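Trainee: Hi! Could we walk through this one together?
Mentor: Happy to, here it is.

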Amino acid sequence: CHQKLPDRPLALDSQYKHLLELLRRTAVHGESNSVLIVGPRGSGKTMLLGCVLRELMSLKEAQKNVLLVELNGLLQTDDKIALKEITRQLHLENVVGDKVFGSFAENLAFLLEALKKGDKSSSRPVVFVLDEFDLFAHHKNQTLLYNLLDVSQSAQTPVAVLGLTCRLDVLELLEKRVKSRFSHRQIHLFSSLSFAQYVDAVRSQLSLPPDFPDPKFSDAWNHSVTVHTQHTPPLVLSVSHSTLHEADLLEASRLISADSKAIILHGLSILELCLIIAMKHLNDTYDGEPFNFQMVHNEFKKFIQRKSHSIHKFEKPVVMKAFEHLLQLELVRPVDSGVCKVQREYQLMRLMLEHGQVMEALQRYPQCPTDVKQWALSAFA
C-alpha cells in the first residue's frame, strides 16, 4: 500500500501503544510474542500495523536487526507455498539449496538457525505478519500456525507472530494444540465514528485541495462530493465521459467490495447449488469435519426422495460432473493437496464458503425453487 500513513492513528492510541510495546520487546529485548488484531474490514488493522512497524523500524536497535516476513492467507494457500515465501523473504534460498527436510518443523528450525548472528550466540528477531489469519486455519493439520506459535513460546529464537483477521470467532477455528501455544492476546478494532463523522471523513478524503491546478474543476468536484446510497451508473471513461465524477467512484467502490464467491454462486446450476447445500448440511451435522463426494451424493439423494418435487433425479455420473465443476471453481478444496491414491468418490474435501455467502446466493438466485430454499434453511437451522 503506497498511501501515506498518519504518524500515529489517534483514534487507536491505546491499541497503538499496546502493539508497539509488544513488538519493541521482541526487537530490543528478544522476547517472543503472539497477538491477533481483530476487526471488520476497513476498521484500520493494516493502517495500525503499518504505523507501528514504521515507528519500530525507526528505533536504532531494530533498524538493522529485525526481519519482517509478511504472509497472506489468500496467496499462501498451503504450508509448502508459505515455507517457500518465508525462505524468499528471509533471503535464504542459497542457504537451503537442495537440502531435504523430514518435516515442516525441521525446515523452519533450519531457517531460524541460519539467521543467527556472527557470534552464534543469538538470533535476529523475526516478525511474522499473517494477514487473513483465519485462512491459515484451513491448512492441513494447521502445521504452519502450530510451528510458528511453538517457536514463539521457546526461548531460543525471538519471534513475534501477528495475525490480522475479520473473524471475531477466529480462536474457535484453531486446534487445541495450536490454541494452547497462542498467547491469547487480542487487539480489537471497531470504528468509534458516528455516521455523520464517517460522512465527513469520506467527504474530506474525496475533496480536492485548494491548490488544485484547475480551480473551476475542483470547485465543481468538491461541490458534488457527497455520499449516496442509490444505484449509480457504471464506471466508464470515453470521449463523451472523459472525467471521473463522484458517482463513478461510488460504483467502483461497490465493485471492489463485492463478494467474488457469492457472485460465482449466482451462476451455478440448480444441481450444483443443491450440492453446495448438501455440503453445508454435512458441515452442520458433523461439526465441520471433511466430507467426500459419496457423502454429498447420499445427502442429495435423501433430499430428492423426501422433500423435492421440483428437482428430477440425476444419474450419478452427472452429479459427479457437477461436483468436479465446483472443485474447478475452488468452491470446494481437497483436504490433502498432494497426490491422493483414494478413489475420487472418497477423497476428503472441505467447503470454502461461509453461511452468509450461501444464504445471500440463495436469496438472489433467479427463480430458485421453493423446496430448495426450504431445504437450505433447514440445513442452517
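Mentor: First a definition: helices (H or I, at least four residues) and strands (E, at least two) are DSSP runs, numbered from the N terminus. This is a predicted model, where local features need pLDDT of at least 70, side-chain atom pairs count only at pLDDT 80 or more, and totals for chains, interfaces and linings use all residues. Residues are numbered from 1 along each chain as its sequence is written, and side-chain values use heavy atoms, with hydrogens and water left out.

Trainee: Great. How many helices and strands does the protein chain have?
Mentor: The protein chain has 18 helices and seven strands.

Trainee: And what percentage of the residues count as buried?
Mentor: For the 381 residues of the protein chain, the buried share is 41%. Buried means under 20% relative accessible area, exposed is over 50%, and partly exposed is in between (1.4 Å probe, protein chains only).

Trainee: Let's go to helix α14. Is it mostly covered or uncovered?
Mentor: Mostly covered, as 13 of the 16 residues of α14 are buried. The helix runs over residues 270–285 and reaches 22 Å from its first C-alpha to its last. That is close to the 22 Å expected at 1.5 Å a residue, the expected span being 1.5 Å times one less than the number of residues.

Trainee: What follows α14?
Mentor: D287 does, with a positive phi near 55°.

Trainee: At what angle do α14 and α16 pack?
Mentor: About 75°, with the axes of α14 and α16 (residues 316–328) 9 Å apart. That makes α14 roughly perpendicular to α16. Axes here are lines fitted to C-alpha atoms, for helices over the stretch in contact, and angles run from 0 to 180 degrees between N-to-C directions. Angles under 35 degrees count as roughly parallel, over 145 as roughly antiparallel, 65 to 115 as roughly perpendicular and the rest as oblique.

Trainee: Which residues make the contact?
Mentor: From α14 they are L271, E272, L275, I276 and M279, and from α16 they are V318, V319, A322, F323, H325 and L326. Contact means heavy atoms within 4.5 Å. By class, the residues of this contact of α14 with α16 are nine nonpolar, one polar and one charged. Ala, Val, Leu, Ile, Met, Phe, Trp, Tyr, Cys and Pro count as nonpolar, Asp, Glu, Lys and Arg as charged, and the others, Gly among them, as polar.

Trainee: Now V332. Where is it found?
Mentor: V332 is in strand β6 (residues 332–334). It counts as buried because its relative accessibility is 1%. Beyond its neighbours within four places in sequence, V332 is in contact with residues including M279, F323 and L326. M279, F323 and L326 also take part in the contact of α14 with α16.

Trainee: How many residues apart in sequence are V332 and L351?
Mentor: They are 19 apart in sequence, and 4.7 Å apart in space, C-alpha to C-alpha.

Trainee: Switching topic: where does G73 lie?
Mentor: In the loop between β2 (67–72) and α4 (79–89). G73 has 6% relative accessibility, so it counts as buried. Leaving aside neighbours within four places in sequence, G73 is in contact with D131, E132, L135 and F136.

Trainee: And T87, buried or exposed?
Mentor: Buried, because T87 has 10% relative accessibility. T87 lies in helix α4 and, leaving aside neighbours within four places in sequence, is in contact with L92, E93, V96 and L111.
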